[in-house]
Amino acid sequence: MTARQLLDTLITNIGQLLTMEGKGPAKGEQMKKLSVLNHAAVGVKDGKIAFVGSAKQAEQLQAERVIDADGRLVTPGLVDPHTHLVFGGSREQEMTLKQQGVPYLEILKRGGGILSTVAATRNASEEELVQKAKLHLDRMLSYGMTTVEAKSGYGLDRQTELKQLRVVKRLKEEHPIDLVSTFLGAHAIPPEYQHDPEQFLAEMLELLDVVKAEQLAEFVDIFCETGVFTVEQSRAFLQAAQAKGFAVKIHADEIDPLGGTELAVELGAASGDHLVGASEAGIRKLAQSNTIAVLLPGTSFYLGKEAYAKARSMIDAGAAVALSTDFNPGSSPTENLQLIMSIAALKLKMTPEEIWHAVTVNAAYAIHRGEEAGRIAIGRKADLVIWDASNYAYVPYHYGVNHVHMVLKAGRVVAERSRGDVIATTYAD
Ligand code: IZC
Ligand code: ZN
């Protein structure tokens, strides 16, 4: 960057700038060290980062627009690597059942839970689903999330699974958040196949050819859990998906410890997700692999569980840990990744340094966006959050509220604090 070049935007007077400098995902010890620039500035040109340096150096630069960060913290846009974004209806009626002690898997067994969302999603039009998901995405954007993974899995039939994936495809064009699509047709066994899960899985595998031809998803995922799909079924299903050219992920060891963590590593999955019941042997294997541990402590919290994923053992063993909301209508109805950062501090005993790696660079690697999102470096897309905080430890500490001051997506201001706690999205203006 030379003094004569004109930047589109210069954010200067930054108190702390987290660039998340490094190479590849941050594993183990690497998660404990953060690269922090004090009194910094970031310049943007054509939607990309064109300058990273000190506020002093930036005094030489010219820009169309100068944003005075006034000593605030600036980080990469947050990345959420696991959401069930597109669904019909909601499940507030289950809250009473849960209070009465009815377990999550028992509600599913009775035909509720995921299956009640399946009924609502089958009944919703594509347009209705687009409008509903847009509201959720707007909220995510206002919380500083700029890249988000979205799963299907509330159709469990050809037509509705494709409808959900097409909704995501449309949203990729209509919403500033970068979306990454995952096919989760194997999310539950639908009522019409209760007695023949193998036939159901065969149908979902067949559907993958259409998903591939229409480029509707990059990843294939499966819910490996008691009463849903076994480890053997999951292995066969995901191997068949890999043979068709898909990358894979697994909902593993969320409620019962079945050995899904080991399976994720065995298959070379991009991520193993949940891992609450991961065994010590599974954790050791994870640490030696390229599979990212995507932890979703919002679900332990929301389902009122004592058990949380053993993030400390995982990081200390050398694994790369990411965090996610698991936004879904049943076990984690929240779009607030900042709240998840606080739960990770309180329940997973993760340090602020580890938490920031987990919601930026590691989350990006879990969805194969590690070379594009999650770091602030010259030439990368300018996805940035200016926080109403002077230091990075403050965000997980002050919990339950939105600390965003401003969000820039590819260099454009897309959300901004307007008054008090109100963060308004501005991308449609
Ligand atoms: O709708 O309950 N765990 N899938 C696996 C979910 C939670 C989503 C849901
Ligand atoms: Zn999930």
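Reader: Is Asp-326 buried or exposed?
Author: Asp-326 counts as buried, because its relative accessibility is 2%; buried means under 20% relative accessible area, with a 1.4 Å probe and protein chains only. Bear in mind that this is a predicted model: local features need pLDDT of at least 70, side-chain atom pairs count only at pLDDT 80 or more, and totals for chains, interfaces and linings use all residues. Residues are numbered from 1 along each chain as its sequence is written, chains are lettered from A and ligands numbered from 1 in the order in which they are written, and side-chain values use heavy atoms, leaving out hydrogens and water.

Reader: Which side chain does Asp-326 make a polar contact with?
Author: That of His-82, at 3.0 Å. A polar contact here is a pair of N or O atoms within 3.5 Å; within protein, one must be able to donate a hydrogen and the other to accept it, and residues adjacent in sequence count only if both atoms are side-chain atoms. The side chains of His-82 and His-84 are also joined by a polar contact, of 3.3 Å.

Reader: And His-82, buried or exposed?
Author: His-82 counts as buried, at 0% relative accessibility.

Reader: Switching to UniProt, where does it place "binding site"?
Author: The unreviewed entry puts that feature at His-82, His-84, His-251 and Asp-326; annotations may be inferred rather than shown by experiment, feature names are shortened, and positions are given in the numbering used here.

Reader: Why do they gather at one spot?
Author: They span 245 residues in sequence, yet no two of their C-alpha atoms are more than 12.1 Å apart, so they gather at one spot.

Note on methods: Buried means under 20% relative accessible area, exposed over 50%, partly exposed in between (1.4 Å probe, protein chains only).
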